[in-house]
Amino acid sequence: LFAFLGGVFFVYGAQLARGCTSGAALSGMAVLSVAGFVTMIAIFGSAFVFAWFLFQICIYLAESGELRAESRERRAESRERREESGEQRAERGERRAESGDF
């Protein structure tokens, strides 16, 4: 679906600009036109910036997933400590009950 919509926008842009941008870049570079080189630099430059931005988002999402996993581990550890301390309190209560100290 996204590829189809991208193609529709590409065709619309090519018709609006009276030509294809990649074709203008390639044929312009073939005749050593400055505009062809500028167009190609703009195309690849914007693709590089978009890829870098997308990569940063992927890194952020991966790190936030790790942070969530770490916080899950911390919660599990604190739960275990609480359970252990509850068991210890229960044992102390049983000993007090046996000894009669209240």
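Guide: A residue counts as buried when its relative accessible area is under 20%. By that rule, 6% of the 102 residues of the protein chain are buried in this predicted model.

Visitor: What makes up the secondary structure of the protein chain?

Guide: The chain has three helices and zero strands. Along the sequence, these elements follow the pattern α-α-α.

Visitor: How much accessible surface does the protein chain have, and what share of it belongs to carbon and sulfur atoms?

Guide: The accessible surface comes to about 9000 Å². Carbon and sulfur atoms account for 66% of that area.

Visitor: Why is leucine 32 called exposed?

Guide: The relative accessibility of leucine 32 is 67%. Exposed means over 50%, and therefore leucine 32 counts as exposed.

Visitor: Where is leucine 32 found, and what is its phi?

Guide: Leucine 32 lies in the loop between α2, which spans residues 21–30, and α3. The phi of leucine 32 is near 60°, a positive value in a residue other than glycine.

Visitor: Why is phenylalanine 53 called partly exposed?

Guide: Phenylalanine 53 has a relative accessible area of 49%.

Visitor: Which residues form the nonpolar patch on the surface?

Guide: The patch is formed by Phe48, Val49, Phe50, Trp52, Phe53, Leu54, Ile57, Tyr60 and Leu61. Together they have about 1000 Å² of accessible area.

Visitor: How do you know that arginine 82 is buried or exposed?

Guide: The relative accessible area of arginine 82 is 52%. The cut-off for exposed is over 50%, so arginine 82 is exposed. Arginine 82 has its place in helix α3.

Visitor: What makes the patch of positive charge?

Guide: Arg72, Arg74, Arg75, Arg79, Arg81 and Arg82 gather there on the surface.

Visitor: Which residues gather in the patch of negative charge?

Guide: That patch on the surface consists of Glu70, Glu73, Glu77, Glu80 and Glu83. It is called negative because Glu counts as negative. One of these residues, glutamate 73, is found in helix α3.

Methods:
Residues are numbered from 1 along each chain as its sequence is written. This is a predicted model: local features need pLDDT of at least 70, side-chain atom pairs count only at pLDDT 80 or more; totals for chains, interfaces and linings use all residues. Side-chain values use heavy atoms; hydrogens and water are left out. Patches are made of residues with over 30% relative accessible area and no salt bridge: like charges are joined within 9 Å, nonpolar side chains (Val, Leu, Ile, Met, Phe, Trp, Tyr) within 5 Å. Accessible areas come from the Shrake-Rupley method with a 1.4 Å probe; for residues, only the protein chains shown count as cover. A salt bridge is a side-chain nitrogen of Lys or Arg within 4 Å of a carboxyl oxygen of Asp or Glu. Buried means under 20% relative accessible area, exposed over 50%, partly exposed in between (1.4 Å probe, protein chains only). Helices (H or I, at least four residues) and strands (E, at least two) are DSSP runs, numbered from the N terminus. The place of a charge is taken as NZ of Lys, CZ of Arg, CG of Asp or CD of Glu.
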